[in-house]
Amino acid sequence: MREKKVRGIKRKSYKMIERIKENTLEFPTEFFNGYWHLHLPVAQDFISSKKTPKKIKRLCIQTLLDRAEHLMGLKPNDKEIYRVVVAVDLPDLWGSQIIVFKGDSHFKDFFNRNDEYQKWLHLSDDRNIQIEWRLSVPNDLKISGFKEVITDEDGYHYEGEIWFIGDLK
C-alpha cells in the first residue's frame, strides 16, 4: 500500500517562505533575554513529515540562511554587538529558527548546554551540513554542529542534531 502524498505542498511551502520573508524585512528591535528569534512559521506535521520531500526541507533551510544573510546586512551601527545565527534542528526541522543575539554574554550563555538534562556534544568535522543538504552558505559564515541529548526525570530521552550557521566567530 502506498503512502498518501502531502496535499497542498506548493501552497504550504510558498506560505512558509512568505512568512519567513515578512518577519525578516527589518532588523529586530525587541530583544528578550538578549535575543530575538523566529521559529519556522509552518505546521510541525508538514515540515517534519517523512512524506515532505527533501527538496522542500532543503528550500526551508536555504530560505532561513538567505534571510539571516539579509538581516546581517541590516545590523544597526551602534555600540552593540549583534550576531545572526540559523539553528537547523535535525531530523525533523520543526525547531529550526533564526536567532539574533544582542551582546556577547547572551550569545556565550546560549551555547552552555551541559547539565544532567541537556547536553550538546560537538559533532566531528567530517560531517558537513552544507554538503549533505547542498546549501549555499556565504564564505564568511561559520558552521558548527552539535549532537543534542535530552533526558528528563521522567525517563524521556531524545537525541538529535542542531547545526548553527552564522556569526559564530
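This is a predicted model: local features need pLDDT of at least 70, side-chain atom pairs count only at pLDDT 80 or more; totals for chains, interfaces and linings use all residues.
**Entry 1: the largest core.** I looked up the largest nonpolar core, and it has 35 residues. Met16, Leu40, Ile47, Val84, Val88 and Ile129 touch the most other members. Next I checked which elements supply this core. At least two residues each come from helices H1 (9–22), H2 (44–47) and H3 (54–72), and from strands E1 (35–39), E2 (82–90), E3 (97–102) and E6 (157–166). H3 gives the most, with eight residues. I also noted a general point: in soluble globular proteins, nonpolar side chains tend to be buried together.

**Entry 2: Ile47.** I picked one of the core members that touch the most others, Ile47. I left aside neighbours within four places in sequence. Its contacts are then Met16, Leu40, Val42, Lys57, Cys60, Asp92, Leu93 and Trp94.

**Entry 3: a second core.** I found a separate core of 11 residues. Phe107, Trp120, Ile162 and Leu168 are among them.

**Entry 4: Ser96.** I located Ser96 in the loop between E2 and E3. Is Ser96 buried or exposed? Its relative accessible area is 1%, so Ser96 is buried. Its side chain reaches the backbone oxygen of Leu93 at 2.8 Å. Beyond four places in sequence, Ser96 is in contact with Leu38, His39, Leu40, Leu64, Ala87, Val88 and Asp89.

**Entry 5: Phe31.** I located Phe31 in the loop between H1 and E1. Why does Phe31 count as buried? Its relative accessibility is 18%, and the cut-off for buried is under 20%. Phe31 touches Trp36, Tyr82, Val100 and Lys102, not counting residues up to four places away in sequence. Phe31 and Val100 are 69 residues apart in sequence. Their C-alpha atoms are 8.4 Å apart in space.

Terms used: Residues are numbered from 1 along each chain as its sequence is written. Side-chain values use heavy atoms; hydrogens and water are left out. A nonpolar core is a set of buried Ala, Val, Leu, Ile, Met, Phe, Trp, Tyr and Cys residues joined through side-chain atoms within 4.5 Å. Buried means under 20% relative accessible area, exposed over 50%, partly exposed in between (1.4 Å probe, protein chains only). Helices (H or I, at least four residues) and strands (E, at least two) are DSSP runs, numbered from the N terminus. Contact means heavy atoms within 4.5 Å. A polar contact is a pair of N or O atoms within 3.5 Å; within protein, one must be able to donate a hydrogen and the other to accept it, and residues adjacent in sequence count only if both atoms are side-chain atoms.
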